[in-house]
Amino acid sequence: MRPVSAATSATPLRRIARSLLRHCPRCGSRGIFRTYLRLRERCPSCEYEFAAEEGFFLGVWVLNFAVSEGLLFLTLIGYIFAMAATGGDVPLLPVFAVGLVVALGGPLVFYPFAASTWAAVELIMDPSRAISRPPGAAG
Ligand SMILES: [Zn+2]
C-alpha cells in the first residue's frame with residue numbers, strides 16, 4: 001500500500017492525468033480495473049473507494065455520453081468538410097458506416113477512461129476523500 005501522503009499531495013491536473021491512463025486518481029497505481037470494462041470497488045494499492053457516492057455511475061455515463069457525442073460530431077464535421085472539398089460528391093454509405101462504428105465503438109472504448117476520469121473528478125470536487133483511510137485501517 002502506498003503512503004497516504006503521496007496519495008493526497010497530487011494536484012487536480014495530476015489526478016486527471018492519472019485517470020486518463022486508467023490509473024487510480026488518488027495514488028496513481030495501475031490495476032484499478034478487474035476487466036477492460038469493470039472497475040474494481042477499491043484501488044488495490046491505496047484502497048480508495050471509487051463509487052463511494054451514490055450516482056457515481058451516472059457521472060460516468062454522462063461523461064462517456066458526452067465524449068461519444070463529441071466523436072459523432074467530429075464525424076459529422078468530417079463529412080461536411082469532405083462535402084465542401086469535393087463539391088458535394090461524397091457517398092453517404094461510408095459516412096453512415098463510420099458513424100455506426102463511432103456510435104457503437106466509441107462508448108465501449110472510452111468507458112474505462114470515463115470511469116477513472118469521473119473518479120478523479122469526484123476526488124477533485126471532494127478532496128477530503130483523498131485523506132480518508134480505508135476501512136479497518138488504524139489512525
Ligand atoms: Zn489508489
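**View 1. Crossing of helices H3 and H4.** The axes of H3 and H4 cross at roughly 145° and come within 7 Å. By class, the residues in the contact of H3 with H4 are 17 nonpolar, 7 polar and 1 charged. The crossing of the two helices, H3 and H4, is right-handed. The model shown here and in the other views is predicted. Two packed helices are described by the angle between their axes and the distance between the axes.

View 2. Helix H3 covers residues 56–86, which is 31 residues. At 1.5 Å a residue H3 should span 45 Å, and the end C-alpha atoms are 45 Å apart, so the two values agree.

**View 3. Buried residues of helix H3.** Which residues of H3 are buried? They are Val60, Asn64 and Ser68. Helix H4 (92–125) is included in what covers the buried residues of H3. An α-helix has 3.6 residues a turn, so residues three or four places apart point the same way.

View 4. Tyrosine 48 lies in the loop between helix H2 (12–20) and H3. Is tyrosine 48 buried or exposed? Tyrosine 48 is buried, because 22 other C-beta atoms lie within 10 Å, and a residue counts as buried at 20 or more. Leaving aside residues up to four places away in sequence, tyrosine 48 touches Cys24, Arg26, Cys27, Arg42 and Cys43.

How values were computed:
Residues numbered from 1 in each chain as written. Predicted model: local features only at pLDDT ≥ 70, side-chain atom pairs only at ≥ 80, totals over all residues. Helix = DSSP H or I, 4+ residues; strand = E, 2+ residues; numbered from the N terminus. Expected span 1.5 Å × (residues − 1). Buried ≥ 20, exposed ≤ 12 C-beta atoms within 10 Å, placed from the backbone. Contact = placed C-beta atoms within 7 Å. Axes fitted to C-alpha atoms, helices over the stretch in contact; angles between N-to-C directions. Left-handed = near helix turned anticlockwise from the far one by under 90°. Nonpolar A, V, L, I, M, F, W, Y, C, P; charged D, E, K, R; others polar.
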